[in-house]
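Thanks for coming. I will go through one structure, starting from a single side chain and moving out to sheets, helices and cores.

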Amino acid sequence: MKFTLGWLKDHLDTQATLDQIAEALTDLGLEVEEIIDPAASLGVFRIARVIEAAPHPDADRLRLCRVETWPDGPDGAPQEVQVVCGAPNARTGMRGVFAPVGTHIPGTGVDLKPGVIRGQASNGMLCSERELLISDDHQGIIDLPEDAPLGARFIDYAGLNDPVIEIAITPNRPDALGVRGIARDLAARGLGTLQPLKVMPVAGSFASPIGVEIAPELKDKGCAHFTGRLIRGVRNGPSPDWLQKRLRAIGLRPISALVDITNFFTFDLNRPLHVFDGDKVQGSLRIHPAKGGEELLALDDKSYTIAAGQMLISDETGPESLAGIMGGEHSGCTGDTVNVFVESAYWDPITIAATGRALKINSDARYRFERGVDPAFTLDGLELATQMILDICGGAPSHVVQDGAALDTARSYPFDPARVGALVGMDIPEAQQRATLQALGFSLDGNQASPPSWRPDILGAADLVEEIARVASLSKLEGQPLPRADAGVPRPILTPMQQRERAARRMLAGLGYNECVTYSFVDQAAAEAFGGGTDAVRLENPISSEMTHMRPDLLPGLLQAAARNQARGFADLALFEVGPAFSGGEPGQQHLQAAAILVGANAARNPFGARRNVDLYDAKADAEAVLNAIGAPAKVQITRNLPAWFHPGRAGVISLGPKLPMAIFGELHPRVIRGFDVKGPVVGLTVLLENPPMPRARKTARQALQISPLQAVERDFAFVTDQKVDALALVNAAAGADKALISDVRVFDEFTGARAEAQLGPGRKSLAISVRLQPTDATLTEDQIEAVSRKIIEKVQKATGGVLRG
């Protein structure tokens, strides 16, 4: 919405400055997007006198002009400069508009410099109207009257020094699409007084030969009220200079007096109008729904095919206007129009919006009608437009013809002054609240407030509070701390699981991973690759074909992110995400994960030879770090009950038992990596954050390190087992021989292959372990050590079938 400061002052009696008005508008919710001050671009152009205009010695179409200028204004000393001018109307003694050297010419985008044209110096320019962006006239330079004050700024003399303000209008404020609505808000704020708007009915002198009729099915929803009148004997020439200046200032091109008047009312009072050439209208006008297939050549020179149900204004010959959106070319007013029919109607916002979108027509009328104009101002708008047409174009008006009636918008809501403090937190006196509502056009009857007809957005008592607070300025609202329910230090807000989630996220970020936030939806192929993809997790209405199923794991989203990054040149990646994964579509069929992947090398290229490809031990170390951060037990088992998307021989499961996995780590299956088009080695980890048991008691500090003062004893054992026996099974069996004394069991040697089979037998291998015995009460005797050794041999033999190597 654009308007000029002078235009605003037609409705608002104010002494406020431009900056004060702009600040108040933004604070009222009418955000100022731009202020265009003509003084910034045209202030340097001054009125000058041509002392002499002589023919150019070397060019027939150029003239040498001696120009008397006043660079410091009319009170300064005059200077004489020479200007080479090509305008045919340049003559001795004329007064024109001069631009000195260094001036930026808005119409051409050129910065003036001293020049030489056909051997003659030229220092400045005598300007045309197009070069100042005043009009399209460039047939000659501006020729001012003899009484034009020499040395004065041209914008002051021509009345162009009127700043243009552009504001953003939210959809709930259609009243601000007129200058008067904006002035009303500023007056309520206290920046001036709203000028009264007098509507005097214009008496008609004859009956209108053009009648109007609204189809019965449209009176309830479509066109509630249609008014009009014929004016005979008008002179549709150019509009007055003041009207043209205002329209040009807001970016509209003056066309003719009748059309310019309708555009003026659209922006001045938010009252779109339309004018028909009365001599081209045959019979009466009907407002009716289209049957479908009608053709209309509109004023934008485009032909539109009207669909069934869209509203038309037709005469006896066919459609003449697309109701509320755009008129037709056939009955449009031209310079030859002498009899004009003026229309002022109220159109249903939803119907107008649907038709405009379907036909892809944008117009100022549609923009306002689809947001809602004042239904009670339909007839008043016609009366005001009639009077302006008579003042500018002359003529004789007919009696008003109309069908339907203005919509009844009467409604009221309880007004409670105390609610302002309760909802907004501002202490505003009741008298000020009532004065604000009245200034905005509300009617007060005791504790009931009735909004005006031009405010369709007021739909409840809370809206009254919003209006009061908006006018009082929400910038005055002071922040207040919320009262505490209990005195003292507040209890923790995060649940234990939320704290565990935060700890996992911080640990992974501290390990150098970059956090990803991916969709909870993946395509069916990706879901099936990670054990999902069933109908139980399929979305009924997916947003795309690539997001059809709830994710069974976080790794698919991370692999897709890695593929996108690799496609853009990032080969080495460390990504993680913390979030839910889904095993079904019912409540509770989801679990919280912290997943991460490492792709490519572990470091950038360097001269120290430290760069290597990531492997499963990187993933294992990071998984153990996350488990430690969330407080998982330190004593765990490593098993191979792996899901299908991990490499069967290069991955493991960290668990507290066969049925309680806490984390999975290792290389991802090559088939899965190929399916996601990820290049390079990929290792990953998934920590099941809900599986590790919560600590029984919260500990505020780490326990003291307990070191036994007694000497530890280490014994080595070599067992011959079947090649299919896992080293972990043997280690777990040895560790279980005496949990009190055995503190650590490690594999330090493995003898496999053809030589092993030749010495140990077909399908056999040798595993050597080191067992550390740590006493706590007394130093171990030889007999105690031998007893523990026998238990270890028995446990290993029973669990794995292994025998002590001879």
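The side chain of threonine 337 makes a polar contact with the side chain of aspartate 277, at 2.9 Å. A polar contact here is a pair of N or O atoms within 3.5 Å; within protein, one must be able to donate a hydrogen and the other to accept it, and residues adjacent in sequence count only if both atoms are side-chain atoms.

Before going on, the ground rules. This is a predicted model, in which local features need pLDDT of at least 70 and side-chain atom pairs count only at pLDDT 80 or more, while totals for chains, interfaces and linings use all residues. Residues are numbered from 1 along each chain as its sequence is written, and side-chain values use heavy atoms, with hydrogens and water left out.

Back to threonine 337. A polar atom of its side chain also lies 2.9 Å from the backbone nitrogen of threonine 334. Threonine 337 is in the loop between strand E23 (326-327) and strand E24 (340-347); helices (H or I, at least four residues) and strands (E, at least two) are DSSP runs, numbered from the N terminus. Is threonine 337 buried or exposed? Its relative accessibility is 1%, so threonine 337 counts as buried. Buried means under 20% relative accessible area, exposed over 50%, partly exposed in between, with a 1.4 Å probe and protein chains only.

Next, a sheet. Seven strands form an open sheet with mixed pairing, in the order E30-E33-E34-E38-E37-E36-E35. Strand E30 (514-515) and strand E35 (637-639) are at the edges with a single partner strand each, so one side of each has no neighbour in the sheet. Strands pair if DSSP finds at least two bridges between them. E34 (residues 590-599) and E38 (residues 682-688) pair in the antiparallel sense over seven bridges, and valine 599 has valine 682 in E38 as its bridge partner.

Now helix H20 (residues 727-735), where Leu730, Val731, Ala733 and Ala734 are buried. They cover an arc of only 165° around the axis, taken from the directions from the helix axis to the C-beta atoms, which puts them on the same side of H20.

Last, the cores. A nonpolar core is a set of buried Ala, Val, Leu, Ile, Met, Phe, Trp, Tyr and Cys residues joined through side-chain atoms within 4.5 Å. The largest has 71 residues, and Leu25, Ile167, Ile182 and Leu186 have the most contacts inside it. Helix H11 (residues 378-393) gives the largest share of this core, seven residues. Apart from it lies another core of 37 residues, including Ile306 and Phe369.
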